[in-house]
Amino acid sequence: MKSQVNDHFPIRILGLYAVVLVVLFLFFSGVAHFLRSHREGQKLSIPDEKVVAEQLLAGKLTGPRYFKLGESTVETPHPYLSSFQARQQVEGIAKERGLDAEGIKRVEALIDKLTEPPPSRAIGTDRLNVWRLNLALDELP
């Protein structure tokens with residue numbers, strides 16, 4: 001008589017392989033999820049260069065020797081001030097810097113030079129960028 005040889009794996013071993021594969025899949029997908037969420041928590045935030053520059057200028061160009069921003073309005077948003085507001089501050093700045101009448105004229109000429117028309121060209125008031133004005137003020141002789 002011929003003995004019968006079973007060439008197939010027992011069903012128990014196939015089931016065991018399937019369970020092991022599912023467990024490995026779940027383990028590695030959990031590790032991948034953990035690594036992805038951990039990496040997202042450490043993202044570097046790159047600040048906006050305009051915001052950083054404005055903060056640096058605001059820190060450097062403050063004090064009684066510089067023009068100060070008024071309250072932000074529709075006509076003069078941050079970092080602008082009207083030419084009227086700038087002219088009101090000239091006397092105090094001239095006093096702090098020890099400017100004579102000629103120096104005051106140079107500051108007023110600087111205000112005239114840096115004054116921009118309103119953005120809509122029809123509605124609004126002339127305005128000056130306070131950071132540009134203060135930087136130019138430091139460059140005056």
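Helices (H or I, at least four residues) and strands (E, at least two) are DSSP runs, numbered from the N terminus. This is a predicted model, in which local features need pLDDT of at least 70 and side-chain atom pairs count only at pLDDT 80 or more, while totals for chains, interfaces and linings use all residues. Residues are numbered from 1 along each chain as its sequence is written, and side-chain values use heavy atoms, with hydrogens and water left out.

View 1. The chain has 141 residues, of which 21% count as buried. Buried means under 20% relative accessible area, exposed means over 50%, and partly exposed lies in between (1.4 Å probe, protein chains only). Contact means heavy atoms within 4.5 Å. Among contacts in the chain with a separation of 6 or more, 65% are between residues 24 or more positions apart.

**View 2. Helix 3 and helix 4 pack at an angle of about 160°.** Two packed helices are described by the angle between their axes and the distance between the axes. Axes are lines fitted to C-alpha atoms, for helices over the stretch in contact, and angles run from 0 to 180 degrees between N-to-C directions. Here the axes are 10 Å apart. Helix 3 and helix 4 are therefore roughly antiparallel to each other. Angles over 145 degrees count as roughly antiparallel, under 35 as roughly parallel, 65 to 115 as roughly perpendicular and the rest as oblique. Helix 3 passes helix 4 in a right-handed crossing. A crossing is right-handed if the near helix is turned clockwise from the far one by less than a right angle, and left-handed if anticlockwise. On the helix 3 side, S83, A86, R87, V90 and A94 take part, and they meet I104, V107, E108, I111 and D112 in helix 4. By class, this contact of helix 3 with helix 4 has six nonpolar, one polar and three charged residues. Ala, Val, Leu, Ile, Met, Phe, Trp, Tyr, Cys and Pro count as nonpolar, Asp, Glu, Lys and Arg as charged, and the others, Gly among them, as polar.

**View 3. Helix 4 and helix 5 cross at roughly 140°.** Their axes come within 11 Å, and helix 4 passes helix 5 in a right-handed crossing. V107, L110, I111 and L114 of helix 4 make the contact with R132, L133, A136 and L137 of helix 5. By class, the contact of helix 4 with helix 5 has seven nonpolar, no polar and one charged residues.

**View 4. I111 lies in helix 4.** I111 is buried, with a relative accessible area of 0%. Not counting residues up to four places away in sequence, I111 touches F67, S83, A86, R87, V90, L128 and L133. I111 and R127 are 16 residues apart along the chain, and their C-alpha atoms are separated by 9.6 Å.

**View 5. Helix 5 spans residues 130-139.** Its buried residues are V130, W131, L133, N134, A136 and L137. An α-helix has 3.6 residues a turn, so residues three or four places apart point the same way. The buried residues of helix 5 pack against helix 2 (49-60), strand 1 (80-82), helix 3 (83-97), helix 4 (101-114) and strand 2 (127-129). N129 caps the N-terminal end of helix 5, where a side-chain oxygen lies 2.9 Å from the backbone nitrogen of W131.

**View 6. N134 is found in helix 5.** N134 is buried, with a relative accessible area of 0%. Its side chain reaches the backbone nitrogen of F67 at 2.9 Å. Leaving aside neighbours within four places in sequence, N134 is in contact with L61, Y66 and F67.

**View 7. T115 is in the loop between helix 4 and strand 2.** T115 is partly exposed, with a relative accessible area of 22%. The side chain of T115 reaches the backbone oxygen of I111 at 2.5 Å. Apart from neighbours within four places in sequence, T115 is in contact with S83, D126, R127 and L128. T115 and L128 are 13 residues apart along the chain, with their C-alpha atoms separated by 5.0 Å.

Key
A polar contact is a pair of N or O atoms within 3.5 Å; within protein, one must be able to donate a hydrogen and the other to accept it, and residues adjacent in sequence count only if both atoms are side-chain atoms.
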